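Here are a few exercises on contacts and packing. Grab the structure and work through them step by step.

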Amino acid sequence: MSAVATDARAVGAPAPAPVNPPRKRWTRLILPVYTWLMILYLASPVFVMILYGFNNIPGERNVPKWFGFTLHWWRDLFGVPGMVSALKTSLVVAPVSAVFAVIIGTLLGLALGRYRFRGKPPVNFVIFLAIAVPEIVLGSSLLSMFILLKWIPIGIVTILLSHIGFSIPFVAVTVRARVQGLDRSLEDAAQDLFANPLTAFFKVTLPLIAPAILAGFLLAFVLSLDDFVITNFVSGTTLTFPIWVYGATRIGLPPQVNVMGTLLFLTGVLAAVVNVLVQRRRARV
Amino acid sequence: MATEGADAGATPVVPPKRGKSYGDRKRLVPYWLMLPGGGYLLVFLILPLGLLTFTSLESGGAFSGNFRFTWEFANYTQQIVQYQAQLVRSVEYSIIVTVAALLLAYPMTYWIAFYGGRWKSSILLLILVPFFVSFVLRTIQWKFLLGDNGLIFGPLKSIGLLSEHFHVLATPFAVIAGMTYSYLPFTALPLYVALERIDKRLVEAAKDLYSSRWEAFRHIVLPLSLPGVFAAFLLTFVPATGDYVNASVLGGPGTTMIGNIIQQKFLSELNYPEAAALSVILMFAMLILASIYARILGTEDSALAAGVAG
């Protein structure tokens with residue numbers, strides 16, 4: 001059934017016009033209004049987070065009561081040593097694990113996307129499994145292994161090994177989708193023009209799948225930065241940012257956490273906007 | 001380069017035809033590409049799952065820390081009996097969460113996919129943007145929103161619209177609402193992908209044949225979006241069952257889920273065999289679900305891929 005849709009697109013049909021000619025009935029407003037309310041609902045915790053970074057509380061720990069506006073916590077952003085060191089750990093783990101995951105995952109995605117070979121269905125199933133198994137099962141199974149093996153010290157090494165592991169399937173899936181959508185004849189054409197397979201790969205295939213590799217890297221980076229459940233199992237006494245935040249909730253969060261969250265959020269938004277703009281420009285060219 | 005010479009020797013100089021005349025060397029290419037990833041997943045996914053099962057059959061003193069492998073199947077029966085309430089609760093909550101998330105997300109993604117026009121991806125981005133904030137931090141914000149003296153109920157209480165004893169935190173509602181919020185993107189993305197790739201001309205055709213808007217939806221859009229619904233179900237239900245962050249941040253003693261027990265036994269009580277047994281139960285339940293899904297839709301469905309990529 002999806003073949004119908006793909007065919008239509010392959011022929012290069014223009015984007016279909018809105019299904020219904022606009023009619024002036026109030027029922028037509030239900031869905032758009034609902035959608036915008038949902039967007040508001042989805043964003044509400046972010047508003048709260050940003051707002052409470054300005055809460056002029058008397059102590060050091062945030063409470064739901066609003067005391068008035070202050071910029072104190074923004075000025076004193078690095079005033080909580082535990083948070084700063086946890087954030088540093090996260091900012092080391094995320095890029096390192098993303099680099100490894102993107103290299104290994106891209107190769108895997110290439111293999112799965114463009115070749116037919118024996119052993120492909122089981123590998124596809126393993127990737128599917130990695131995504132379908134609950135994080136808590138993955139986390140507890142990794143901890144079981146590290147406990148039984150004993151010789152890997154539980155800490156930053158086990159965090160890295162685990163983060164690379166859970167990111168690889170996501171990178172592979174992203175790259176696989178892109179490779180499957182590629183026109184194989186481009187690479188054949190390069191080889192017809194006497195490019196050897198490696199040159200054809202680096203000059204033709206790699207630039208074409210570069211967006212997927214970048215997307216895979218960002219995905220792996222964000223997954224690592226955000227991961228709580230698996231990390232909580234394999235981190236031992238090492239603290240990453242989410243783990244530190246979770247631990248701090250018991251006694252109350254310092255407002256600097258909200259400020260840091262706001263900054264990370266703005267970075268993410270900026271990256272997304274830049275990405276959209278770049279894609280727009282590329283589509284226009 | 002070296003490959004050039006080797007290839008020239010193995011294959012005729014005629015440009016290679018597509019899919020044919022691949023030499024032995026080329027036949028090995030996918031295996032080489034697959035080796036690092038496959039090997040990594042074997043060691044850090046399959047092996048741990050095996051060792052988790054191994055751990056779950058150990059026995060020994062929880063305090064001495066000396067566990068021995070004894071085919072201790074009693075771990076399973078004992079845990080199921082002891083934590084029946086939490087197991088049932090996890091399934092109950094997850095079903096409610098999945099259904100709620102599907103009902104909330106479907107109309108929204110339907111509108112974006114069918115009427116979003118050129119703003120489609122921008123609106124979708126608006127939906128996903130809040131999820132740049134880390135999961136733990138987002139969940140905590142609900143505590144501030146739903147807290148007894150928080151942003152919503154604080155003012156209502158001070159003007160006397162709500163009684164002083166009214167509270168939402170620590171109730172099943174708070175946990176279910178928090179989980180629904182947490183997993184909504186996992187529901188929305190596969191739904192959106194499935195809805196978006198429906199050929200809109202099919203709906204027009206139905207209308208040309210005198211079907212009403214509702215009939216067109218019921219007989220064309222809904223059936224064609226079912227793969228997305230299945231993917232959304234899998235991607236929402238599975239993480240929801242294992243969730244323990246929502247229950248521990250927003251819940252109370254009466255809302256403990258199986259994830260909380262596993263976490264506590266593994267990390268606080270250091271009773272690995274019992275924790276592993278519970279984890280294995282969860283794993284098998286999910287494996288059965290995932291296999292059913294893979295049977296019906298395969299493991300390469302793009303709705304699922306898009307869902308996870310989000």
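Two residues are in contact if their C-beta atoms, placed from the backbone, lie within 7 Å. This is a predicted model, where local features need pLDDT of at least 70 and side-chain atom pairs pLDDT 80 or more, while totals for chains, interfaces and linings use all residues. Residues are numbered from 1 along each chain as its sequence is written, and chains are lettered from A and ligands numbered from 1 in the order written.

**Exercise 1.** Find which residues A:Ala101 is in contact with, leaving aside its neighbours within four places in sequence.

Solution. Step two: list what remains, namely A:Ile164, A:Ser167, A:Ile168, A:Val171 and A:Ala220.

**Exercise 2.** Work out how many residues of chain A and chain B are in contact, and which helix of chain A gives the most.

Solution. Start with the count: 85 residues of chain A touch 92 of chain B. Next, helix α2 (residues 30-52) of chain A gives the most to its side, with 14 residues; helices are DSSP runs of H or I, at least four residues, numbered from the N terminus.

**Exercise 3.** Describe how α2(A) packs on helix α6 (residues 135-146) of chain B.

Solution. First, the geometry: the angle is about 80°, and the axes are 9 Å apart. So α2(A) is roughly perpendicular to α6(B), a label covering 65 to 115 degrees. Finally, the residues: A:Ser44, A:Pro45, A:Val48, A:Met49 and A:Tyr52 meet a set in α6(B) including B:Trp142 and B:Phe144.

Methods:
Helix = DSSP H or I, 4+ residues; strand = E, 2+ residues; numbered from the N terminus. Axes fitted to C-alpha atoms, helices over the stretch in contact; angles between N-to-C directions. Parallel < 35°, antiparallel > 145°, perpendicular 65-115°, else oblique.
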